[in-house]
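User: Please go through this structure with me. I will ask what stands behind each label.

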Amino acid sequence: FFYIPVNNAQRFSNNPYLVILFLMVCAYWYFSAKQIRYGYPPLTNNLLFLMESDNFYLSIIYVIYRIIPFLFELKTLLDWICADTTLVLYEWLKFEDLLSIMHMTRVDIRFWNEVPRQKIGFWSKVFNGTLIFFLLCLVIWTPLILFSSNTPGRTPNPVITATFKLDIGGYGTIYFGSTPELSSSINERNFSTFAKQYRTIDYSISSWKSLQL
């Protein structure tokens, strides 16, 4: 608050960002002083404010809160750290989960009291159950079929041509060679003939020296 105005030769009041930062720091100091003087209020209710009522709109917000990954676990972990309890973390998580289930059950009971339930028809159960059954089978078995080695989609991909390129930095391409595209696929007989031709070549050092001469 003093160093920046002096170095920039600009009044403190003429810098709006510095004024906003100063007000935020003052608010932080004020609330910190209140907490130091009066202490923290005692925690008498461990329920989340969204669980204090079975209001329909609050229940929707609560469902969204539970859907967010790891938010419920993080909140529960912080509660367990700050609370005086004999429960271990696993027991505290189960306890919070039971409270959540009871709250959602209370919301469901109130909703179905306002909207009476009717008996689900036989054909409705058959159609919905069959649809869900085949959907689950599709989710489970489709990846296995797609990535199976026996699937018709996994056709062989033989090599039909090859290229070789030799470069040295600053000198460009020194050698480039390619093989003509094969008109027929390689079978075991063709490969054996090809291998026999290279077995007769002399790869000794004297042979290479004679080729260089």
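Analyst: Setting aside neighbours within four places in sequence, Thr76 is in contact with Trp92, Leu93 and Glu96. The model is a predicted one.

User: What makes Thr76 count as buried or exposed?

Analyst: Buried means under 20% relative accessible area. Thr76 has 0% relative accessibility, so Thr76 counts as buried. The place of Thr76 is in helix α4.

User: Which backbone atom lies 2.7 Å from a polar atom of the side chain of Thr76?

Analyst: That atom is the backbone oxygen of Phe72. A polar contact needs N or O atoms within 3.5 Å, and the distance from the Phe72 oxygen to the Thr76 side chain is 2.7 Å.

User: How many salt bridges does the structure hold, and what makes a pair count as one?

Analyst: The structure holds three salt bridges. A pair counts when a side-chain nitrogen of Lys or Arg is within 4 Å of a carboxyl oxygen of Asp or Glu. Lys75 and Asp79 meet this rule with an N to O distance of 2.8 Å.

User: Why are Lys75 and Asp79 separated by about one helical turn?

Analyst: Lys75 and Asp79 are four residues apart in helix α4 (residues 71–82), and therefore about one helical turn separates them. As for accessibility, Lys75 is at 21%, so Lys75 counts as partly exposed. The buried class requires a value under 20%.

User: How do you know that the side chains of Asp97 and Arg66 meet in a salt bridge?

Analyst: The N to O distance between the side chains of Asp97 and Arg66 is 3.9 Å, and the cut-off is within 4 Å. The pair links distant parts of the chain, 31 residues apart: Asp97 is in helix α5 (residues 89–114) and Arg66 is in helix α3 (residues 56–67). Asp97 is partly exposed at 25% relative accessibility, and Arg66 is partly exposed at 30%.

User: What about Asp167 and Lys165?

Analyst: The side chains of Asp167 and Lys165 meet in a salt bridge at 4.0 Å, N to O. Asp167 has a relative accessible area of 44%, so Asp167 is partly exposed. Lys165 has 51%. Exposed means over 50%, so Lys165 is exposed.

User: Why is Ser100 called buried, and what does Ser100 touch?

Analyst: The relative accessible area of Ser100 is 4%. The limit for buried is under 20%, so Ser100 is buried. Ser100 is found in helix α5. Not counting residues up to four places away in sequence, Ser100 touches Met51, Tyr62 and Arg66. Arg66 is also the salt-bridge partner of Asp97.

User: How many disulfides are there, by the rule used?

Analyst: The count comes to zero disulfides. The rule asks for a pair of cysteine sulfur atoms within 2.5 Å. As for accessibility, Cys26 is partly exposed at 28%, whereas Cys82 is exposed at 67%.

User: Which residues form the nonpolar patch on the surface?

Analyst: The patch is formed by Phe56, Tyr57, Ile60, Ile64, Ile68, Leu71, Phe111, Trp112 and Val115, with about 840 Å² of accessible area together. Helices α3 and α5 each supply at least two residues of the patch. The largest share, four residues, comes from α3.

User: What is the phi of Phe70, and where does Phe70 lie?

Analyst: Phi of Phe70 is near 65°, a positive value in a residue other than glycine. Phe70 lies in the loop between α3 and α4. At 61% relative accessibility, Phe70 counts as exposed, the cut-off being over 50%.

User: What can be said of the chain as a whole?

Analyst: The chain has eight helices and two strands. From the N terminus on, the order is α-α-α-α-α-α-β-β-α-α. Buried residues make up 10% of the 213 residues. The chain exposes about 19300 Å², and carbon and sulfur atoms supply 67% of that area. Among contacts between residues at least 6 apart in sequence, 31% join residues at least 24 apart.

Technical notes:
Residues are numbered from 1 along each chain as its sequence is written. This is a predicted model: local features need pLDDT of at least 70, side-chain atom pairs count only at pLDDT 80 or more; totals for chains, interfaces and linings use all residues. Side-chain values use heavy atoms; hydrogens and water are left out. Buried means under 20% relative accessible area, exposed over 50%, partly exposed in between (1.4 Å probe, protein chains only). Contact means heavy atoms within 4.5 Å. Patches are made of residues with over 30% relative accessible area and no salt bridge: like charges are joined within 9 Å, nonpolar side chains (Val, Leu, Ile, Met, Phe, Trp, Tyr) within 5 Å. Accessible areas come from the Shrake-Rupley method with a 1.4 Å probe; for residues, only the protein chains shown count as cover. A polar contact is a pair of N or O atoms within 3.5 Å; within protein, one must be able to donate a hydrogen and the other to accept it, and residues adjacent in sequence count only if both atoms are side-chain atoms.
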